[in-house]
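Dear colleague,

I am passing a structure on to you, and after it you will find my notes on what turned up. Please read them with the coordinates open beside you.

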Amino acid sequence: MGELVEGDDGLPVEEVGAWAKDKHQSLSRYVDISRGVRSKWLDPGKAGATYIDLFCGPGRAKVRRTGEFIDGSCVAAWNASLNGGTPFSEVIIADADDERRDLAAQRLRRLKAPVIEVGGDAANSIHAVMSRLKPQGLHFAFLDPYNLASFDFCVMQELAKLKYIDILVHVSKMDLQRNLGINVKAQQSAFDMFAPGWRSAVDLRQSQPAIRRDVFSFWKQKVANLGIGASTDMELITGSRGQHLYWLTLVARHQLAHAFWKVASNKSKQGSLF
């Protein structure tokens, strides 16, 4: 979680690495590419289309190295839907940090977004979020946890109950690498939150790269067991020195969503499915 500093819009912002721009670009591209499907849920009499962000942050950020100001995830997603002519009918935000969530809500309200705030961290807020959602609506969730420890698998279990749900997920490769030894030795670790039951499925006598691979594969299988699948198209986000930070991948039930993500995550091609 970055430090809050003075912003360019009269409100505090969060300091982030330059890689946040890549993440938010992929998020915005997906929102834009999926606009045709979303429009069908926005017709009169339909259940609507909801954007869900359980780790919303303050809604705006300052790139640490360059000083550039950029929109946070929830603001970027709202603007992408608005610019595409198919604005979300609801924007539900949550964050473990009340101040950051309040800042995001203020920014969204300035943009006339239909924002709903839910208090608490993701594991606690998800139940309140689910109670507000229309079962027959179209839902898109962006899960951008600060680390694996804050990414409780119960969030995936709850969201998977929705019939029409696409989930763009940030999985910290750095956490899998840097903290592997700690997680293996600890009785209760970040891996237990991220992928409950992993110890019984992963051979700890393997090399560290093999353990990391198997923990992630185990998580993907647990997701698949919920009736939704992680895309084979995974975008690797890297740092300024080329270090591997995290993967972005789409989890969805319908193949069209995976086709959308294939386009959105391929920034070398500016193509569209429309």
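Two strands are said to pair if DSSP finds at least two bridges between them, and the sheet described next rests on that rule. Please keep in mind throughout that this is a predicted model.

With pairing understood in that way, there is an open sheet of four strands in the order β1-β2-β4-β5, and its pairing is mixed. Its edge strands are β1 (4-5) and β5 (69-71), each of which pairs on one side only. Strand β2 (residues 13-16) and strand β4 (residues 60-63) run parallel and are joined by three bridges, and glutamate 14 stands opposite alanine 61 in β4. Across β2, β4 and β5 lies helix α1 (residues 19-33), which runs at about 30° to β5.

Two further residues may be of interest to you. Aspartate 192 has its place in helix α9 (residues 190-194), and its relative accessible area is 14%; because buried means under 20%, aspartate 192 counts as buried. The side chain of aspartate 192 is joined to that of tryptophan 198 by a polar contact of 3.0 Å.

Histidine 244, by contrast, belongs to strand β12 (residues 244-252), and with a relative accessibility of 32% it is classed as partly exposed, since that class lies between the 20% limit for buried and the 50% limit for exposed. Although histidine 244 and serine 172 are 72 residues apart along the chain, their C-alpha atoms are separated by 9.0 Å.

With kind regards

Conventions:
Residues numbered from 1 in each chain as written. Predicted model: local features only at pLDDT ≥ 70, side-chain atom pairs only at ≥ 80, totals over all residues. Heavy atoms only, no water. Helix = DSSP H or I, 4+ residues; strand = E, 2+ residues; numbered from the N terminus. Buried < 20%, exposed > 50% of the residue type's maximum accessible area, 1.4 Å probe, protein only. Contact = heavy atoms within 4.5 Å. Axes fitted to C-alpha atoms, helices over the stretch in contact; angles between N-to-C directions. Polar contact = N/O pair within 3.5 Å; in protein donor to acceptor, adjacent residues only side chain to side chain.
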